[in-house]
Amino acid sequence: NMKKNKEKNPFDWDNITIEKYYNIKDILDDETDDDITKNVKLVAVITNKDENDVWNMDMAEAGEYISRLQFLNKFELPKNPNMKIKLPNYDLVVIKDLTKINVAQYVDFQNFVKLPMKEGMEKILSIFLIPDGCKYNDGYDIIDVQKEIRENLSFRVAEGLLSFFIEKYGKLLIHSLVYCRRQVKKTKNPEMMEKLEKTEKELQQKLDSLIHLIGSIR
């Protein structure tokens with residue numbers, strides 16, 4: 001179905017992969033190019049054409065392509081994240097309950113969220129998207145899964161999933177923080193107090209970096 005969809009309309013957010021999205025973003029952020037050059041590059045990236053082929057189009061044909069770039073301004077997150085993701089070589093299952101993630105996933109998440117989104121997006125997703133029937137990073141090549149996510153998952157779907165995870169993870173952090181603050185208020189033991197205050201500070205830092213991350217997703 002996806003294959004048919006791809007042939008149908010490249011000018012559709014559902015067919016813009018993570019990889020393509022960041023190529024598009026680079027073109028839009030480039031301050032040296034004039035608008036026509038940008039439009040030509042965008043059409044080439046989106047349709048998988050050679051840039052020269054687009055430069056060589058007659059004005060009418062090129063104009064028709066360029067007018068279709070309007071869709072880039074109409075980005076919307078999917079209403080509900082899809083919990084099963086079919087990629088060409090993997091069927092991935094989404095982890096819904098973040099209290100179930102293991103220590104390795106937690107540590108990897110901490111490391112990946114420090115990366116710029118452009119490098120980290122498919123890595124973060126690979127923590128929560130596990131090949132059907134597997135345990136995290138066990139019995140499959142996670143680097144290959146990350147590559148496959150980057151090259152095949154639509155950015156729109158990726159964004160939707162990321163918002164979903166980050167919201168859940170944020171709630172988890174907030175619960176921990178609230179709990180920790182309650183314990184601090186209750187405790188009379190200075191050593192315990194010090195420990196809890198350290199934990200509280202760490203949780204607060206994680207929450208801050210998460211908020212920072214949410215700001216830089218796009």
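Here is a short chat about the salt bridges in this predicted model.

Local features need pLDDT of at least 70 and side-chain atom pairs count only at pLDDT 80 or more, while totals for chains, interfaces and linings use all residues. Residues are numbered from 1 along each chain as its sequence is written, and side-chain values use heavy atoms, with hydrogens and water left out.

Colleague: How many salt bridges does a search of the whole structure find?

Modeller: We look for a side-chain nitrogen of Lys or Arg within 4 Å of a carboxyl oxygen of Asp or Glu. Searching the whole structure that way, the salt bridges come to 12.

Colleague: Asp33 forms a salt bridge with which residue?

Modeller: Asp33 is buried (under 20% relative accessible area; exposed is over 50%, partly exposed in between, with a 1.4 Å probe and protein chains only), at 18%. Its closest N and O atoms to the partner are 2.7 Å apart, and that partner is Lys41.

Colleague: Is Lys86, which meets Asp91 in a salt bridge, buried or exposed?

Modeller: The N to O distance in that pair is 3.2 Å. Asp91 is partly exposed at 38%. Lys86 has 69% relative accessibility, so it counts as exposed.

Colleague: Which helix do Lys171 and Glu167 both lie in?

Modeller: These two form a salt bridge, with the closest N and O atoms 3.2 Å apart. They sit four residues apart, about one turn of the helix. Helices are DSSP runs (H or I, at least four residues) numbered from the N terminus, and this one, residues 155-186, is H9.

Terms used. Helix = DSSP H or I, 4+ residues; strand = E, 2+ residues; numbered from the N terminus.
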